[in-house]
Amino acid sequence: MESPNSEPSPGDSPAVRPATPPPSSSPPARPPSRRRLWLGSLIALVLLLVLGGGAWYLINRKGSSAGGPGFGGATVTVGNAAAREIELPVTIDALGTVTPLATITLKAQVGGVLTEVLFTEGQTVAKNQLLARIDPRPYEQALMQARGTRQRDEAQLEAARVTLGRYRTLLGQDSIARQDVDTQAALVRQLEGTVTTDLAAEAAAKLNLDYTRITSPVAGRIGLRAVDAGNTVTANATTGIAVITQMNPIDVQFSVPQDRVPDIQAQLAKGEPLPVTAFDRTRAATLDTGTFSTLDNVVDTTTGTVKAKARFGNAQTTLFPSQFVNVQMLLRKVRAVVVPVTAVRTGPNGDYVYVINEDRTVSMRAVKRGEANAEVVAITSGLRAGENVVTEGGDRIKDGAVVQLQGDRPAAGPRGGASGPRGAASGPRGQRGEGGGERRRQRPPQ
């Protein structure tokens, strides 16, 4: 007996094989006709045209409503400021580097053992102050030797001069030949030259002895010590003993635009000093004030600027060599009408401002700007002192728009109440509530 789950063998009768499912009776799908394709494309095109026309209508409607109150149809609140006439300082702002007047490296001019170091690192030293000492004994002996040689040659010269005098006396008595007199005179001149050489050698020995005392050539601040006492130093070594930097006064080097050079030269020709102020990195604190010194004699073609220097007293040593500072130089002061920098805008036709009229509408007015600083800009034409201009919110308005100033009260509603959802609802609803109460009182009882 066969199992019901057993597979039929290849030799089984066809009657026991499973029957194949009959083919589907539904007809095959036909591709859409050309008419339907054209109709669908036409409907899609119409929908796109309708959407584009609606968007165009909404944009034009929004733009047309901006001519009144604002771009969104509502009154725009803007910041304002009054144009005023002041003495505007014309300044040049630049980044400068503190440069000392003198930086000297202390070097030994004679060799020997460094016996004493008489300064402290970072000390402020005076001019001609003794800072170090080299063992002077070899140079003292050399000086004594040069002095002895000079004395010996001076004695020989004196004897030669006495002999020459005697020879001349004998020559007058015709008791000696003239050749002997001339020979003695030449000997005297030779000894005079020897004595002159001895004097120079003695002075050189004395100078070398003085070089054993190392003194400060300028007043300034001394840096870190490079050689300690007990070491042997050589004359004019590459590494010096220390470096002295002059701190008072001190210069600041900065660059000015080449277009400003004529203005600077005009002020210098008048003989008026140009004040210069040095600020710290954040421009929050004033480090020192000084005066303009000089301009360089060439324009830097890579940057279009000219190097300049200003001198500062630096009494409090607030300026440090190689320090970066912000420099502000005052050229002159001009009388001008100024507005905040944010009030002036630039359009296709040039600079303009929005002037606020008495009816709270704005008018676009073309102006010409002049000198400026970080806060205000001078208006040379197109604006009068006392006129109000828009400083904030100018990107949301256009010519003829109605604006509201910061600090103004909201406009009153049509019935004298506050304009707002609460104010508008309080009046009518209160009246309707009272009327409703009267109707409820007049309603007859059930």
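Colleague: What is the order of the strands in the open sheet of four strands that includes β7?

Modeller: This is a predicted model, in which local features need pLDDT of at least 70 and side-chain atom pairs count only at pLDDT 80 or more, while totals for chains, interfaces and linings use all residues. Residues are numbered from 1 along each chain as its sequence is written, and side-chain values use heavy atoms, with hydrogens and water left out. Strands (E, at least two residues) and helices (H or I, at least four) are DSSP runs numbered from the N terminus, and two strands pair if DSSP finds at least two bridges between them. With antiparallel pairing, the sheet that includes β7 has the order β7-β6-β4-β9.

Colleague: Which residue of β7 is the bridge partner of Arg133?

Modeller: Strand β7 (213–215) is an edge strand, as is β9 (232–233), and each pairs on one side only. The partner of β7 is strand β6 (residues 130–134), and the two pair in the antiparallel sense over three bridges. In β7, the residue bridged to Arg133 is Arg213.

Colleague: Which residue in β8 is the bridge partner of Thr124?

Modeller: Strand β5 is joined to strand β8 (residues 220–222) by two bridges, and these strands run antiparallel. Within β8, the bridge partner of Thr124 is Arg221.

Colleague: How far apart are the end C-alpha atoms of helix α2?

Modeller: Helix α2 covers residues 137–172. The expected span of a helix is 1.5 Å times one less than its number of residues, so the 36 residues of α2 should span 52 Å. The value in the model agrees with this, as the end C-alpha atoms of α2 are separated by 53 Å.

Colleague: Which helix is among the elements that cover the buried residues of α2?

Modeller: A residue is buried under 20% relative accessible area, exposed over 50% and partly exposed in between (1.4 Å probe, protein chains only). The buried residues of α2 include Tyr139, Leu143, Arg150 and Asp153. Contact means heavy atoms within 4.5 Å, and what covers these buried residues includes α3 (178–211).

Colleague: Is Arg152 buried or partly exposed?

Modeller: Arg152 is found in helix α2, and its side chain makes a polar contact of 3.4 Å with the side chain of Asp153. A polar contact is a pair of N or O atoms within 3.5 Å; within protein, one must be able to donate a hydrogen and the other to accept it, and residues adjacent in sequence count only if both atoms are side-chain atoms. Because its relative accessibility is 49%, Arg152 counts as partly exposed.

Colleague: Which residues have the most contacts inside the largest nonpolar core?

Modeller: A nonpolar core is a set of buried Ala, Val, Leu, Ile, Met, Phe, Trp, Tyr and Cys residues joined through side-chain atoms within 4.5 Å. The largest one has 24 residues, and the elements that give two or more residues to this core include β2 (84–100), β11 (250–257) and β15 (324–340). Apart from it lies another core, of 22 residues, among them Tyr139 and Leu209. In the largest core, the residues with the most contacts are Phe254, Leu319 and Met329.

Colleague: What is the angle between the planes of the aromatic pair formed by Tyr352 and Tyr354?

Modeller: Rings of Phe, Tyr and Trp (its six-membered ring) pair if their centres lie within 6.5 Å, and planes under 30 degrees apart count as stacked, over 60 as edge-to-face and the rest as tilted. Tyr352 counts as buried because its relative accessibility is 16%, and Tyr354 counts as buried at 4%. Their rings lie 5.6 Å apart, centre to centre, in an edge-to-face pair whose planes make an angle of 80°.

Colleague: Is Thr346 buried or exposed?

Modeller: Thr346 has its place in strand β16 (residues 345–347), and its contacts, leaving aside neighbours within four places in sequence, are Asp351, Tyr352 and Arg369. A polar contact of 3.0 Å joins the side chains of Thr346 and Asp351. Because its relative accessibility is 60%, Thr346 counts as exposed.
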